[in-house]
Amino acid sequence: MAGHSKWANIKRQKARVDAVKGKVFTKISREIIVAARSGVPDPNGNFQLRTAIEKAKAAGIPNDNIDRAIAKGAGKLGPDNAALESIRYEGYGPGGVAVLIEALTDNRNRTAADMREAFSKNGGNLGETGCVSWMFDQKGVVTITAAPAEEGRKRNRNATSSQIDEDALLEASLEGGAEFYELTQVDEAEGAEVFTEVANLENLSQVLKDKGYHVQQAELRWIPNNTMEVTDPDQARSLLKLMDALEDSDDVQNVTANFEMAEDLMSLTMA
(Lines give C-alpha, C1' and ligand atoms only; values in the text may rest on other atoms or scores of the structure.)
Protein backbone atom coordinates (compact mmCIF):
# COMPACT_ATOMS: atom_id res chain seq x y z
CA MET A 1 0.00 0.00 0.00
CA ALA A 2 2.96 2.35 0.50
CA GLY A 3 3.42 2.95 -3.21
CA HIS A 4 -0.26 3.60 -3.65
CA SER A 5 -0.21 6.32 -1.02
CA LYS A 6 2.83 7.94 -2.60
CA TRP A 7 0.97 8.08 -5.90
CA ALA A 8 -2.10 9.44 -4.09
CA ASN A 9 0.05 12.26 -2.71
CA ILE A 10 1.42 13.05 -6.17
CA LYS A 11 -2.14 13.17 -7.49
CA ARG A 12 -3.16 15.57 -4.71
CA GLN A 13 -0.25 17.85 -5.64
CA LYS A 14 -1.20 17.60 -9.32
CA ALA A 15 -4.81 18.43 -8.47
CA ARG A 16 -3.70 21.69 -6.86
CA VAL A 17 -1.75 22.61 -10.00
CA ASP A 18 -4.70 21.66 -12.19
CA ALA A 19 -6.99 23.76 -10.00
CA VAL A 20 -4.89 26.82 -10.80
CA LYS A 21 -5.31 26.03 -14.48
CA GLY A 22 -9.03 25.61 -14.05
CA LYS A 23 -8.83 22.06 -15.37
CA VAL A 24 -10.26 20.52 -12.22
CA PHE A 25 -13.39 22.70 -12.36
CA THR A 26 -14.93 20.72 -15.21
CA LYS A 27 -14.21 17.34 -13.62
CA ILE A 28 -15.66 18.19 -10.23
CA SER A 29 -18.63 20.01 -11.74
CA ARG A 30 -19.47 16.82 -13.61
CA GLU A 31 -19.23 14.84 -10.38
CA ILE A 32 -21.72 17.24 -8.78
CA ILE A 33 -24.08 17.02 -11.75
CA VAL A 34 -24.12 13.22 -11.73
CA ALA A 35 -24.44 13.04 -7.94
CA ALA A 36 -27.37 15.47 -7.94
CA ARG A 37 -29.00 13.54 -10.78
CA SER A 38 -28.58 10.12 -9.13
CA GLY A 39 -30.09 11.15 -5.77
CA VAL A 40 -31.83 14.03 -4.11
CA PRO A 41 -30.27 17.39 -5.08
CA ASP A 42 -29.70 18.19 -1.40
CA PRO A 43 -26.28 17.46 0.14
CA ASN A 44 -27.86 16.78 3.52
CA GLY A 45 -29.58 13.73 2.09
CA ASN A 46 -27.05 12.73 -0.57
CA PHE A 47 -23.60 11.63 0.61
CA GLN A 48 -22.19 11.43 -2.92
CA LEU A 49 -23.28 15.00 -3.59
CA ARG A 50 -22.00 16.21 -0.22
CA THR A 51 -18.51 14.77 -0.83
CA ALA A 52 -18.42 16.23 -4.35
CA ILE A 53 -19.34 19.66 -2.98
CA GLU A 54 -16.64 19.40 -0.29
CA LYS A 55 -14.11 18.50 -2.99
CA ALA A 56 -15.26 21.48 -5.06
CA LYS A 57 -14.86 23.88 -2.15
CA ALA A 58 -11.40 22.49 -1.35
CA ALA A 59 -10.43 23.15 -4.99
CA GLY A 60 -11.63 26.74 -4.72
CA ILE A 61 -14.63 26.42 -7.02
CA PRO A 62 -16.99 29.37 -6.41
CA ASN A 63 -20.33 28.70 -4.74
CA ASP A 64 -22.19 30.00 -7.80
CA ASN A 65 -20.55 27.32 -9.94
CA ILE A 66 -21.42 24.65 -7.38
CA ASP A 67 -25.05 25.79 -7.21
CA ARG A 68 -25.27 25.84 -11.01
CA ALA A 69 -23.91 22.29 -11.24
CA ILE A 70 -26.46 21.08 -8.67
CA ALA A 71 -29.24 22.78 -10.63
CA LYS A 72 -28.05 21.11 -13.83
CA GLY A 73 -28.05 17.72 -12.15
CA ALA A 74 -31.54 18.35 -10.81
CA GLY A 75 -32.74 19.16 -14.35
CA LYS A 76 -33.54 22.78 -13.57
CA LEU A 77 -31.36 24.16 -16.36
CA GLY A 78 -32.47 21.89 -19.17
CA PRO A 79 -32.08 18.22 -20.12
CA ASP A 80 -28.65 18.40 -21.78
CA ASN A 81 -26.71 16.89 -18.87
CA ALA A 82 -28.90 13.79 -18.81
CA ALA A 83 -26.58 12.51 -21.57
CA LEU A 84 -23.62 12.20 -19.16
CA GLU A 85 -22.88 8.56 -18.38
CA SER A 86 -20.27 6.74 -16.35
CA ILE A 87 -17.95 4.47 -18.28
CA ARG A 88 -14.79 2.57 -17.42
CA TYR A 89 -11.81 2.01 -19.72
CA GLU A 90 -9.03 -0.49 -19.13
CA GLY A 91 -5.64 -1.03 -20.67
CA TYR A 92 -1.93 -1.67 -20.28
CA GLY A 93 0.83 0.87 -19.91
CA PRO A 94 4.55 0.44 -20.67
CA GLY A 95 5.91 -2.79 -19.20
CA GLY A 96 2.45 -4.30 -18.83
CA VAL A 97 1.29 -2.01 -16.01
CA ALA A 98 -2.48 -2.30 -15.51
CA VAL A 99 -4.39 0.98 -15.94
CA LEU A 100 -8.02 1.61 -14.94
CA ILE A 101 -9.84 4.78 -16.04
CA GLU A 102 -13.19 6.14 -14.83
CA ALA A 103 -14.89 8.68 -17.07
CA LEU A 104 -18.07 10.72 -17.35
CA THR A 105 -18.93 11.38 -20.97
CA ASP A 106 -21.69 12.54 -23.28
CA ASN A 107 -19.95 10.99 -26.30
CA ARG A 108 -18.52 7.47 -25.97
CA ASN A 109 -16.88 7.55 -29.39
CA ARG A 110 -14.98 10.76 -28.66
CA THR A 111 -13.79 9.57 -25.26
CA ALA A 112 -12.76 6.13 -26.53
CA ALA A 113 -10.76 7.77 -29.32
CA ASP A 114 -9.03 10.06 -26.81
CA MET A 115 -8.16 7.08 -24.58
CA ARG A 116 -6.84 5.03 -27.50
CA GLU A 117 -4.65 7.92 -28.66
CA ALA A 118 -3.25 8.52 -25.15
CA PHE A 119 -2.26 4.86 -24.81
CA SER A 120 -0.78 4.50 -28.30
CA LYS A 121 1.33 7.67 -28.01
CA ASN A 122 2.79 6.61 -24.66
CA GLY A 123 3.73 2.99 -25.16
CA GLY A 124 0.49 1.38 -23.99
CA ASN A 125 -2.60 -0.33 -25.33
CA LEU A 126 -6.30 0.25 -24.67
CA GLY A 127 -7.87 -3.11 -23.83
CA GLU A 128 -11.29 -4.69 -23.58
CA THR A 129 -13.59 -4.19 -20.60
CA GLY A 130 -12.51 -6.57 -17.85
CA CYS A 131 -8.94 -7.05 -19.03
CA VAL A 132 -7.39 -5.50 -15.89
CA SER A 133 -10.25 -4.68 -13.50
CA TRP A 134 -9.93 -8.13 -11.90
CA MET A 135 -6.56 -6.94 -10.55
CA PHE A 136 -8.23 -4.21 -8.46
CA ASP A 137 -10.70 -4.00 -5.57
CA GLN A 138 -12.85 -0.93 -5.03
CA LYS A 139 -12.67 0.51 -1.52
CA GLY A 140 -13.96 3.52 0.34
CA VAL A 141 -11.08 5.74 1.45
CA VAL A 142 -11.25 8.51 4.04
CA THR A 143 -8.23 10.82 4.07
CA ILE A 144 -7.74 12.56 7.42
CA THR A 145 -5.44 14.83 9.37
CA ALA A 146 -5.50 15.43 13.10
CA ALA A 147 -7.58 18.36 14.32
CA PRO A 148 -5.80 21.40 15.80
CA ALA A 149 -5.32 21.17 19.56
CA GLU A 150 -8.08 23.61 20.52
CA GLU A 151 -10.66 22.01 18.24
CA GLY A 152 -9.56 18.55 19.29
CA ARG A 153 -10.09 19.33 22.98
CA LYS A 154 -13.61 20.48 22.22
CA ARG A 155 -14.51 17.31 20.34
CA ASN A 156 -12.26 14.42 21.35
CA ARG A 157 -9.12 14.41 23.44
CA ASN A 158 -7.65 11.63 21.28
CA ALA A 159 -7.13 14.08 18.38
CA THR A 160 -5.65 17.05 20.17
CA SER A 161 -2.47 17.73 18.22
CA SER A 162 -1.09 17.82 14.70
CA GLN A 163 0.38 14.38 15.34
CA ILE A 164 -1.63 11.25 14.58
CA ASP A 165 -1.99 9.08 17.69
CA GLU A 166 -2.02 5.56 16.25
CA ASP A 167 -3.75 3.99 19.23
CA ALA A 168 -6.57 6.53 18.99
CA LEU A 169 -6.74 6.16 15.20
CA LEU A 170 -6.93 2.39 15.50
CA GLU A 171 -9.75 2.67 18.02
CA ALA A 172 -11.67 5.14 15.85
CA SER A 173 -11.08 3.05 12.73
CA LEU A 174 -12.42 -0.10 14.38
CA GLU A 175 -15.45 1.78 15.68
CA GLY A 176 -16.12 3.09 12.17
CA GLY A 177 -15.87 -0.37 10.59
CA ALA A 178 -12.59 0.26 8.77
CA GLU A 179 -10.55 -2.60 7.35
CA PHE A 180 -7.13 -0.97 7.75
CA TYR A 181 -5.37 2.39 7.68
CA GLU A 182 -2.06 3.77 6.47
CA LEU A 183 -0.19 6.81 7.76
CA THR A 184 0.78 9.25 5.02
CA GLN A 185 1.56 12.90 4.36
CA VAL A 186 -1.52 14.97 3.48
CA ASP A 187 -0.80 18.47 2.18
CA GLU A 188 2.56 18.43 3.99
CA ALA A 189 0.90 17.50 7.30
CA GLU A 190 0.81 14.18 9.12
CA GLY A 191 -2.29 12.27 8.16
CA ALA A 192 -3.74 8.89 7.30
CA GLU A 193 -5.83 7.09 4.74
CA VAL A 194 -8.47 4.83 6.29
CA PHE A 195 -9.92 2.07 4.10
CA THR A 196 -13.31 0.39 4.28
CA GLU A 197 -15.93 -1.42 2.23
CA VAL A 198 -17.71 0.78 -0.32
CA ALA A 199 -21.07 0.62 1.48
CA ASN A 200 -19.50 1.76 4.77
CA LEU A 201 -17.78 4.91 3.48
CA GLU A 202 -20.35 7.41 4.76
CA ASN A 203 -20.46 5.80 8.22
CA LEU A 204 -16.66 5.71 8.55
CA SER A 205 -16.35 9.34 7.44
CA GLN A 206 -18.88 10.45 10.05
CA VAL A 207 -17.27 8.43 12.86
CA LEU A 208 -13.85 9.93 12.14
CA LYS A 209 -15.36 13.42 12.09
CA ASP A 210 -17.06 12.73 15.41
CA LYS A 211 -13.71 11.63 16.84
CA GLY A 212 -12.23 15.01 16.02
CA TYR A 213 -10.28 14.27 12.86
CA HIS A 214 -10.33 16.57 9.85
CA VAL A 215 -11.75 14.60 6.93
CA GLN A 216 -9.94 15.96 3.89
CA GLN A 217 -11.65 13.66 1.43
CA ALA A 218 -14.00 10.67 1.33
CA GLU A 219 -13.93 8.83 -1.97
CA LEU A 220 -14.20 5.51 -3.75
CA ARG A 221 -10.86 4.27 -5.02
CA TRP A 222 -9.62 1.25 -6.95
CA ILE A 223 -6.84 -0.50 -5.04
CA PRO A 224 -4.48 -2.89 -6.89
CA ASN A 225 -4.21 -6.41 -5.45
CA ASN A 226 -0.59 -6.60 -6.54
CA THR A 227 1.83 -3.92 -7.70
CA MET A 228 4.74 -3.78 -10.14
CA GLU A 229 7.93 -2.05 -9.04
CA VAL A 230 9.21 0.38 -11.69
CA THR A 231 12.93 1.13 -11.48
CA ASP A 232 13.81 2.06 -15.06
CA PRO A 233 13.75 5.86 -15.58
CA ASP A 234 12.55 5.60 -19.20
CA GLN A 235 9.64 3.34 -18.25
CA ALA A 236 8.82 5.61 -15.33
CA ARG A 237 8.80 8.67 -17.56
CA SER A 238 6.56 6.94 -20.12
CA LEU A 239 4.14 5.78 -17.43
CA LEU A 240 3.77 9.20 -15.89
CA LYS A 241 3.33 10.77 -19.32
CA LEU A 242 0.57 8.24 -20.00
CA MET A 243 -1.14 9.01 -16.68
CA ASP A 244 -0.96 12.75 -17.44
CA ALA A 245 -2.29 12.27 -20.98
CA LEU A 246 -5.25 10.26 -19.71
CA GLU A 247 -6.07 12.71 -16.92
CA ASP A 248 -5.80 15.66 -19.31
CA SER A 249 -9.08 14.55 -20.89
CA ASP A 250 -12.02 16.53 -19.52
CA ASP A 251 -14.06 13.32 -19.65
CA VAL A 252 -11.73 11.43 -17.30
CA GLN A 253 -12.52 11.58 -13.60
CA ASN A 254 -9.91 9.22 -12.20
CA VAL A 255 -6.97 7.09 -13.33
CA THR A 256 -5.50 4.24 -11.29
CA ALA A 257 -2.54 1.96 -12.08
CA ASN A 258 -0.79 -0.89 -10.29
CA PHE A 259 2.78 0.39 -10.30
CA GLU A 260 5.08 1.59 -7.55
CA MET A 261 8.22 3.66 -7.91
CA ALA A 262 10.62 5.36 -5.55
CA GLU A 263 9.82 8.96 -4.69
CA ASP A 264 13.12 10.23 -6.07
CA LEU A 265 12.46 8.50 -9.40
CA MET A 266 8.93 9.87 -9.50
CA SER A 267 10.18 13.38 -8.76
CA LEU A 268 12.94 13.09 -11.39
CA THR A 269 10.58 11.97 -14.12
CA MET A 270 7.97 14.61 -13.26
CA ALA A 271 10.51 17.44 -13.25
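The legends below walk through several close-up views of a predicted model.

Residues are numbered from 1 along each chain as its sequence is written, and side-chain values use heavy atoms, with hydrogens and water left out.

**View 1. The chain as a whole has ten helices and ten strands.** Helices (H or I, at least four residues) and strands (E, at least two) are DSSP runs, numbered from the N terminus. Of the 271 residues, 48% count as buried; buried means under 20% relative accessible area, exposed over 50% and partly exposed in between, with a 1.4 Å probe and protein chains only. Looking at contacts (heavy atoms within 4.5 Å) between residues at least 6 apart in sequence, 70% join residues at least 24 apart.

**View 2. The largest nonpolar core has 24 residues.** Such a core is a set of buried Ala, Val, Leu, Ile, Met, Phe, Trp, Tyr and Cys residues joined through side-chain atoms within 4.5 Å. Look for Y89, V99, I101, L246, V255, F259 and M261, the residues with the most contacts inside this core. Two or more residues each come from β1 (85-92), β2 (98-105), α5, α9, β9 (252-257) and α10 (263-270). Helix α9 gives the largest share, six residues.

**View 3. Helices α5 (residues 108-121) and α9 (residues 233-247) pack with their axes 9 Å apart.** The angle between them is about 165°; axes are lines fitted to C-alpha atoms, for helices over the stretch in contact, and angles run from 0 to 180 degrees between N-to-C directions. The two helices are therefore roughly antiparallel to each other, where angles under 35 degrees count as roughly parallel, over 145 as roughly antiparallel, 65 to 115 as roughly perpendicular and the rest as oblique. The crossing of α5 with α9 is right-handed; a crossing is right-handed if the near helix is turned clockwise from the far one by less than a right angle, and left-handed if anticlockwise. From α5, M115, A118 and F119 meet L242, A245 and L246 of α9. This contact has six nonpolar, no polar and no charged residues; Ala, Val, Leu, Ile, Met, Phe, Trp, Tyr, Cys and Pro count as nonpolar, Asp, Glu, Lys and Arg as charged, and the others, Gly among them, as polar.

**View 4. Helices α3 (residues 47-58) and α8 (residues 201-210) pack at an angle of about 55°.** Their axes lie 11 Å apart, and the pair is therefore oblique. The crossing here is left-handed. F47, R50 and E54 of α3 make the contact with L201, E202, S205 and K209 of α8. By class, that contact has two nonpolar, one polar and four charged residues.

**View 5. Y89 sits in strand β1.** This tyrosine is buried, with a relative accessible area of 8%. Leaving aside neighbours within four places in sequence, Y89 is in contact with V99, L100, I101, A103, R108, T111, A112, M115 and L126. The C-alpha atoms of Y89 and G130 are separated by 8.8 Å, though 41 residues apart along the chain.

**View 6. S133 lies in the loop between β3 (125-126) and β4 (136-146).** S133 is buried, with a relative accessible area of 14%. Not counting residues up to four places away in sequence, S133 touches R88, E90 and L100. The C-alpha atoms of S133 and A98, 35 residues apart along the chain, are separated by 8.4 Å.

Key. This is a predicted model: local features need pLDDT of at least 70, side-chain atom pairs count only at pLDDT 80 or more; totals for chains, interfaces and linings use all residues.
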